[in-house]
Amino acid sequence: MRSLVFFTVAALCCFAAASAFSAGRSSGNLVSNHVPLSACVDKVPVRNDSTPSTNLCPYTLTVSSTMASPGDVIQVLASGFHGARFRGLYMEARVVGGDVDVAVGQFPSQNVELDAVMRIYTRPPGENNAIGCGSRTGKGVRSITVDWKVPEDVLTECYCVYFRAMIFKSYSKFWENVDSPPIAIRVRKVC
């Protein structure tokens, strides 16, 4: 439950800051082309009266491969059904059946280089293991693709990971626990 609260608060902070930045309002300590650093460090909800939607989620996460090896790069596509647009997202990769407080792998910096509204975050104990973005247009976007690198320091021969996102249509309308299909990570040829 603690990780769900952290994830929700972090995502709301990031989205709110990105939206304020996109609308041209100052949110303090802006880094050019990015969400304010303080928004996701402080973990203070900007819109604490918001709750996740219980309606059917109009968004999905798909992955470029359902099998990978340590060091491989997987592409993750966040998109809306039937052209549904979204204004922000916050995403992490997690081990299936593992500690829900731990984000694994890394989102390479090229994600930010390709799209200036992307921001990579660090959730200890890892580094660069979460990613967020906020649309700079009032309309939002139909899809976003990001790269994720499979961890190379593997403790078991085989395990599975999945991506979990919070996707925002607006401040007050968002969906949490939007999950991708699992990806089997294999160290040896046979799992």
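**A first look at the model**

Modeller: The accessible surface of the protein comes to about 9,700 Å², and 53% of that belongs to carbon and sulfur atoms; the areas come from the Shrake-Rupley method with a 1.4 Å probe, and for residues only the protein chains shown count as cover. This is a predicted model, in which local features need pLDDT of at least 70 and side-chain atom pairs count only at pLDDT 80 or more, while totals for chains, interfaces and linings use all residues. Residues are numbered from 1 along each chain as its sequence is written, and side-chain values use heavy atoms, with hydrogens and water left out.

Colleague: OK, how many helices and strands are in the protein?

Modeller: The protein has three helices and 10 strands, where helices (H or I, at least four residues) and strands (E, at least two) are DSSP runs numbered from the N terminus. From the N terminus on, the elements run α-α-β-β-β-β-α-β-β-β-β-β-β.

Colleague: And what percentage of the residues count as buried?

Modeller: Of the 191 residues, 43% count as buried, with buried meaning under 20% relative accessible area, exposed over 50%, and partly exposed in between (1.4 Å probe, protein chains only).

Colleague: Which residues touch the most other members of the largest nonpolar core?

Modeller: Those are Met91, Trp148 and Phe163, in a core of 33 residues; a nonpolar core is a set of buried Ala, Val, Leu, Ile, Met, Phe, Trp, Tyr and Cys residues joined through side-chain atoms within 4.5 Å. Strand 8, residues 158-168, gives the most to this core, with five residues.

Colleague: What does tryptophan 148 touch, not counting residues up to four places away in sequence?

Modeller: Its contacts (heavy atoms within 4.5 Å) include Asp72, Val73, Ile74, Ala93, Val161 and Phe163, when residues up to four places away in sequence are not counted. Across the protein, among contacts between residues at least 6 apart in sequence, 68% join residues at least 24 apart.

Colleague: Switching topic, where is asparagine 111 found, and is asparagine 111 buried or exposed?

Modeller: Asparagine 111 is in helix 3, residues 110-114, and it counts as buried because its relative accessible area is 5%. Leaving aside neighbours within four places in sequence, asparagine 111 is in contact with Met118, Ile131, Val146 and Asp147. A polar atom of the asparagine 111 side chain lies 2.8 Å from the backbone nitrogen of aspartate 147. Asparagine 111 and isoleucine 131 are 20 residues apart in sequence and 9.0 Å apart in space, C-alpha to C-alpha.

Colleague: Which residues does the cis peptide bond join?

Modeller: It joins proline 124 and proline 125, with omega at about 20 degrees, and proline 125 lies in the loop between strand 5 (118-121) and strand 6 (130-134). Asparagine 128 lies in the loop between strand 5 and strand 6, and it has a positive phi of about 50 degrees although it is not a glycine.

Colleague: Why point those out?

Modeller: Because most residues other than glycine have a negative phi, and most peptide bonds are trans. Asparagine 177 has a positive phi too, of about 55 degrees, although it is not a glycine, and its place is in strand 9, residues 174-179. Asparagine 177 is partly exposed, with a relative accessible area of 32%.

Colleague: Last one: how many disulfides does a search of the whole structure find?

Modeller: The search finds zero disulfides, a disulfide being a pair of cysteine sulfur atoms within 2.5 Å. Cysteine 133 is buried at 7% relative accessible area, whereas cysteine 160 counts as partly exposed at 31%.

Technical notes: Polar contact = N/O pair within 3.5 Å; in protein donor to acceptor, adjacent residues only side chain to side chain.
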